[in-house]
Amino acid sequence: MKSPEPAKRKKGLTKKLVLSMLLVGALPLVIGLVLAFYQGTQEIREVNGSSFEALATETARKLDLVMADELARTALLTTDIKIIEQLERTRDALSELNPQELALTLKQEQEAWNSKEADLLERILKGPFAGILQQHVGGTFMDPGHPIPVITRSATRGLFITDRAGRVVASLDSDIPYLHQEEAWWKGAFHNGVGQPYIGQVAFDSLRGVYTFTLALPIMDSLRYEAIGVLLRVYDAKEFFAPSIDIIRFGKTGHVMLIDSRGVVLSCPILPTGTSISDTRLIPLVTPLHAGWTLAPSDGHGGTATSIIGFAPLSNTRQITQISTGQTWHMFVWQSSEEVFAPIEHFFKWIATFGLLGVGLLVTLGYIAASRIAAPIRRLQEAAKQIGRGEYREPLTLSTGDEIEELADEVNRMNQQLMSQFAGLESQVEMKTQEVKYLEESTIKILDNVPDPVLMVGPDEQIEYLNNASKEAFAVANGEMIGSPLFQIFSLDPATQDRLKQEMHAVQITEPPSSDNTKTNPSNASLQDPLVPTNWTQTGTHRQEIRINQRTFRYRWFGVQARPGRGPSVGLVLRDTTEESILQDRVIQGEKLASLGVLSAGIGHELNNPLVGVIGLGEAIQEETNPEQIKEYARGIVQHGKRMASIVRDFTGQSGKKLTEGQSLINLNELLEQSLTTVKDLFPSIPVNIQTHLGSIPSIQGKALELGQAFTNIITNAFQSMKQGGKLDISTETSGHELEIRIQDTGGGIPPTHLPRVFDPFFTTKGQGEGSGLGLTVAYRIINKLGGHIRMESEEGRGTTCLITLPVSNAHLAKERNSTS
């Protein structure tokens with residue numbers, strides 16, 4: 001029953017060895033052949049494409065020469081002195097007619113032409129001009145033996161001359177309209193009297209029954225100043241281009257064709273003139289303004305196979321056709337896909353044949369090599385089975401002379417070492433068991449001596465272990481709690497219990513750890529030493545607070561590796577922070593009392609300045625006898641009183657209840673002058689040279705008392721910095737979208753190290769009793785509430801500049817309200 005098994009394994013090993021040799025040998029071979037085929041295909045395409053591009057470029061150049069020669073020869077007619085003199089006389093005669101007379105003359109002549117009036121036909125068809133045209137078409141006008149005139153003469157289907165009114169003055173046939181002033185070719189060539197060459201599009205001529213294109217040239221006067229007529233020549237497109245295009249053939253199907261930028265065929269040995277390329281996707285590929293070649297999705301002749309196409313524009317002719325009709329002419333070089341890719345297919349067949357031969361050779365050699373390798377390996381396999389069963393007695397002998405023979409020697413040595421090591425294995429197992437027991441007891445003793453409660457919870461939320469600190473904290477006995485639910489000793493509300501359950505399940509691990517499985521298994525990152533010092537003052541996902549038995553605990557979960565055959569467990573470390581919470585509450589209460597002190601000091605500072613003003617004005621009233629001056633002092637006292645009321649309202653928070661309460665339109669210039677007057681009265685003994693540059697600025701919406709308080713505080717600081725006198729400059733202006741207020745003094749300045757702190761509460765550089773450090777703080781708060789910004793610039797010993805900016809949008813709002821009112 002066991003005999004088929006070795007044969008099956010032998011066959012499988014042979015297959016694997018053969019497959020391995022195929023992968024090692026055949027895969028590079030196949031890749032090399034594929035790369036060779038790809039590179040060869042690319043080179044063949046490049047060669048064909050470059051050849052097609054060169055052929056298209058050369059053909060386009062030759063056809064450009066044909067067109068240039070035809071343009072030059074036809075232009076000789078436009079320089080004939082007899083034609084120019086006659087057209088100049090016609091121009092002078094037309095200039096003597098008024099518009100009505102000219103219209104009537106043209107109408108009468110057109111009716112005569114349509115009715116085939118003999119005199120008119122005789123003059124146009126057999127006059128001297130007609131004779132010149134006949135000579136040109138007949139060939140006597142050009143040098144004999146020139147090949148191009150013969151082609152163009154036979155392709156000419158019409159030739160006539162018009163004057164500046166568009167009338168036909170000479171023609172080779174009468175089957176044409178008489179007036180042409182509204183024709184596109186006439187307008188293009190005449191060009192408002194300036195004149196320029198015009199080449200028309202290829203279109204079907206129903207009168208002549210062929211596809212034609214036109215060449216129109218202006219006839220200039222003898223001074224070459226203005227156009228006095230137009231010469232038109234009509235060509236049979238197929239007959240004109242065919243001698244230059246149809247003769248170019250290569251291979252069985254290769255040829256060139258001429259198309260325009262619309263995809264219309266002008267001349268082709270296969271496609272009829274006037275038809276369009278069947279695949280419109282080719283048009284943008286083959287009509288750029290430079291020569292090249294492309295791998296196209298079709299051949300433009302009805303085939304859908306991939307094709308190589310060369311193309312090139314008619315560079316010189318393009319300049320005329322693009323101005324005339326907006327179209328350009330392009331050469332199109334094509335060869336059928338079967339003929340183009342025949343070398344590639346032949347190359348592919350040879351590549352495939354060589355590849356198959358190489359794979360067959362590899363399979364044969366691989367099978368032979370595998371057979372020689374499999375036999376000794378089977379003997380090694382049998383020896384390994386005997387070692388496993390403990391029946392290995394006779395040493396294995398192999399004479400292959402390679403690594404397999406060395407492997408057999410290693411198997412013999414391994415068997416000897418196993419036999420010697422099994423003797424001491426039992427004693428080693430006993431020693432390891434004692435070490436594990438020692439570690440377990442040591443861990444329990446360490447945890448029992450930890451001052452913080454530590455618990456181990458199983459996957460079913462039952463307690464597996466708790467240390468002595470836990471028993472003392474929760475007043476339980478170990479025997480009573482092991483195996484009991486965790487929340488039996490934690491008396492918590494349902495919401496807190498749910499939160500703890502979610503956190504506990506989040507840190508459970510489900511896979512056994514390996515040597516570095518914390519990298520491959522993120523869940524194992526929760527395995528950590530619960531005794532590592534932790535910053536319990538921080539708050540986070542695993543360090544939160546719970547209250548148990550009127551005590552506050554901060555806690556942290558940690559993962560515990562599961563024992564074999566059991567689900568994952570988690571650990572919980574708690575720390576009693578009841579005393580810390582009480583201390584924190586006391587600190588908060590102390591901060592509140594300190595804040596109240598700051599508020600009281602701020603009120604005292606802000607009330608001091610207006611209170612000094614009230615006292616000074618009150619003393620002035622006692623000594624004043626002038627009733628008007630007394631009223632003025634009384635108004636000042638009322639103003640200072642309102643300011644003190646506003647200060648009290650701001651510091652008590654009532655001003656924030658209604659942001660618009662007490663707001664009005666403020667003239668900043670007047671408010672600055674009032675604040676300046678108030679401060680001057682406070683410091684009458686300081687000699688300060690005050691200069692104001694108050695520009696024309698709009699009013700703003702706000703509280704005058706608050707903003708005046710800010711200005712007063714800033715100007716007061718400026719006066720205090722100039723105790724020995726100085727200069728104070730105050731200016732206002734509009735800058736872009738902002739109002740700028742600049743207050744600059746020549747005092748002692750502010751040291752650079754103190755400049756960033758000037759707006760901090762209670763920060764001052766003055767001496768004791770001179771300032772409380774709240775003036776600029778209050779000014780900053782008021783300006784900031786209006787959406788503005790205040791900045792101090794200073795250098796020690798060079799004075800201080802205070803720059804206040806307020807948004808212009810606020811000023812615009814005030815303007816609109818003024819205009820509405």
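Which residues in helix 22 meet which residues in helix 23? Before the answer, some ground rules. This is a predicted model, where local features need pLDDT of at least 70, side-chain atom pairs count only at pLDDT 80 or more, and totals for chains, interfaces and linings use all residues. Residues are numbered from 1 along each chain as its sequence is written, and side-chain values use heavy atoms, leaving out hydrogens and water.

Now the contact, meaning heavy atoms within 4.5 Å. From helix 22 come Glu706, Leu707, Gln709, Ala710, Asn713, Ile714 and Asn717. They meet Gly775, Leu776, Val778, Ala779, Ile782, Ile783 and Lys785 in helix 23. Helices here are DSSP runs (H or I, at least four residues), and strands are E runs of at least two, numbered from the N terminus. By class, this contact has 8 nonpolar, 4 polar and 2 charged residues. Ala, Val, Leu, Ile, Met, Phe, Trp, Tyr, Cys and Pro count as nonpolar; Asp, Glu, Lys and Arg as charged; the others, Gly among them, as polar.

Geometry next. The two axes, of helix 22 and helix 23, come within 9 Å and cross at roughly 140 degrees. Those axes are lines fitted to C-alpha atoms over the stretch in contact, with angles from 0 to 180 degrees between N-to-C directions.

On to the largest nonpolar core. That term means buried Ala, Val, Leu, Ile, Met, Phe, Trp, Tyr and Cys residues joined through side-chain atoms within 4.5 Å. Buried is under 20% relative accessible area, exposed over 50%, partly exposed in between (1.4 Å probe, protein chains only). This core has 39 residues, and Leu668, Leu707 and Leu728 touch the most other members. Helix 22 gives the largest share, 7 residues.

Last, helix 4. Leu120, Leu121 and Ile124 are its buried residues. Ala118 and Asp119, on the other side of helix 4, are exposed.
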